[in-house]
Amino acid sequence: MITVPDIIIAVDGWSSTGKSTFAKLVAKHFGFLYLDSGAMYRGVTLYSLENGLIRDGIIDTEALKASIGELDLHFERPGDGSTCLFSGTRNIEKEIRTMEVSSFVSPVSAIPFVRCWVDERLHKFSENGRVIMDGRDIGTTVFPDAELKIFMTASDEVRAQRRYDELVQKGDTATMEDVMKNLKERDYIDSHRETSPLRRAEDAYELDNSDMTLHEELVWIQGLMQGKFGILG
C-alpha cells in the first residue's frame with residue numbers, strides 16, 4: 001500500500017458528477033477510508049419517508065427534529081472493499097439511491113438541524129484522519145481546513161445521462177426528462193439554501209470530468225498528490 005500521511009481530502013461538487021465514484025477510486029488506490037456525506041443525507045431522507053415524516057411533499061420538520069436522535073446511521077465495510085451505509089444492522093445502500101429519495105434529499109439536507117446532525121457524525125467518523133469524503137459542503141463548512149479540496153463539475157447533459165444510466169441499471173423506472181428536471185431542481189436548492197450552500201472553496205482544485213475516463217481521473221489525482229504532498233503512486 002502507498003504510504004500517505006494522515007490527511008483529509010474533501011470532494012465537493014454538483015450532483016451526478018461522479019463524486020462518490022471518484023472518491024472510492026482514490027480511497028482504494030491510496031488506502032483511505034471513504035465517507036459519503038451524501039449517503040448520510042439520503043439516509044435521513046429514507047428514514048423520513050419510511051416513517052411518514054414526508055407527506056404530500058411536505059416535510060414534518062418538528063417530528064423529524066424530535067426523532068432524529070434515535071437514528072443510527074453509520075458506515076460499514078461488508079468485506080468487498082466497499083463502504084456501505086447502514087441504519088442499525090440494516091444495509092440501506094440500495095434503498096437510498098432510488099428516484100423517490102433523490103426527489104426529497106435536497107430539501108431534507110437544507111434543514112439546518114439535519115446538517116448539524118450529519119456534520120457531527122462526519123467529524124466523529126474522521127477523527128483518525130486518512131479520510132476522503134464527498135458531498136456539497138465538505139471543503140467549505142464541514143472540513144474547511146482539509147489538506148486537499150477538490151470541486152467536481154460536468155455538463156448538465158453528461159450528468160443527467162450518468163444518473164439515468166445508474167437508475168436504469170438498478171431497475172428503477174425513470175425518464176430522461178424526469179432526471180434532468182430533478183437534476184436542475186437539486187442544483188438550485190443546493191446552491192441557494194440558507195445553510196451551507198454549495199460553492200467552490202477558494203483553495204479547491206476544480207475537476208471537470210465531462211470527457212474524462214476513470215483512469216484519467218486517477219492520473220489527475222496522482223499528479224495532484226505528487227505535486228502537493230510528494231506522494232508517488
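In what order do the 3 strands of the open sheet stand? The order is β5-β6-β7, and the pairing is antiparallel. This is a predicted model.

**The sheet and its helix**

Strands β5 (73–76) and β7 (90–91) stand at the edges. Each has a single partner strand, so one side of each is left without a neighbour in the sheet. Strand β6 covers residues 84–87 and pairs with β7 over 2 bridges, in the antiparallel sense. Phe-86 stands opposite Asn-91 in β7. Helix α2 (residues 37–50) packs on this sheet and touches β5, β6 and β7. The direction of α2 makes about 130° with that of β5.

Cys-84 is found in strand β6. Is Cys-84 buried or exposed? Its relative accessible area is 11%, and buried means under 20%, so Cys-84 counts as buried. Leaving aside neighbours within four places in sequence, Cys-84 is in contact with His-74, Phe-75, Glu-76, Pro-78, Asn-91 and Glu-93. Ala-154 lies 70 residues from Cys-84 in sequence, and their C-alpha atoms are 25 Å apart in space.

**The nonpolar cores**

The largest nonpolar core has 37 residues. Met-40, Val-44, Leu-64, Leu-73, Leu-85, Val-114 and Trp-117 touch the most other members. Several elements give two or more residues to this core, including β1 (8–13), α4 (99–109), α5 (112–125) and β8 (131–135). Which element gives the largest share of this core? Helix α2 does, with 7 residues.

Leu-73 shows how the parts meet. Not counting residues up to four places away in sequence, Leu-73 touches Met-40, Gly-43, Val-44, Leu-85, Phe-86, Ser-87, Ile-92, Trp-117 and Phe-125. Another core lies apart from the largest one. This other core has 20 residues, among them Ile-132, Leu-148, Ile-150 and Ile-231.

**The whole chain**

The protein chain holds 9 helices and 10 strands. Its radius of gyration is 17 Å, close to the 17 Å that the globule rule gives for 233 residues, so the chain is as compact as a globular protein of that length. Take contacts between residues at least 6 apart in sequence: 74% of them join residues at least 24 apart. Some further values for the chain follow.

| Property of the protein chain | Value |
|---|---|
| Span of the C-alpha trace along its principal axes | about 55 × 35 × 35 Å |
| Share of the 233 residues that count as buried | 50% |
| Accessible surface | about 11,300 Å² |
| Share of the accessible surface that belongs to carbon and sulfur atoms | 50% |

Technical notes: Residues numbered from 1 in each chain as written. Predicted model: local features only at pLDDT ≥ 70, side-chain atom pairs only at ≥ 80, totals over all residues. Heavy atoms only, no water. Pairing = 2+ DSSP bridges. Helix = DSSP H or I, 4+ residues; strand = E, 2+ residues; numbered from the N terminus. Contact = heavy atoms within 4.5 Å. Axes fitted to C-alpha atoms, helices over the stretch in contact; angles between N-to-C directions. Rg over C-alpha atoms; globule rule 2.2 N^0.38 Å. Buried < 20%, exposed > 50% of the residue type's maximum accessible area, 1.4 Å probe, protein only. Areas by Shrake-Rupley, 256 points an atom, 1.4 Å probe, with all protein chains shown as cover. Core = buried A, V, L, I, M, F, W, Y, C linked by side-chain atoms within 4.5 Å.
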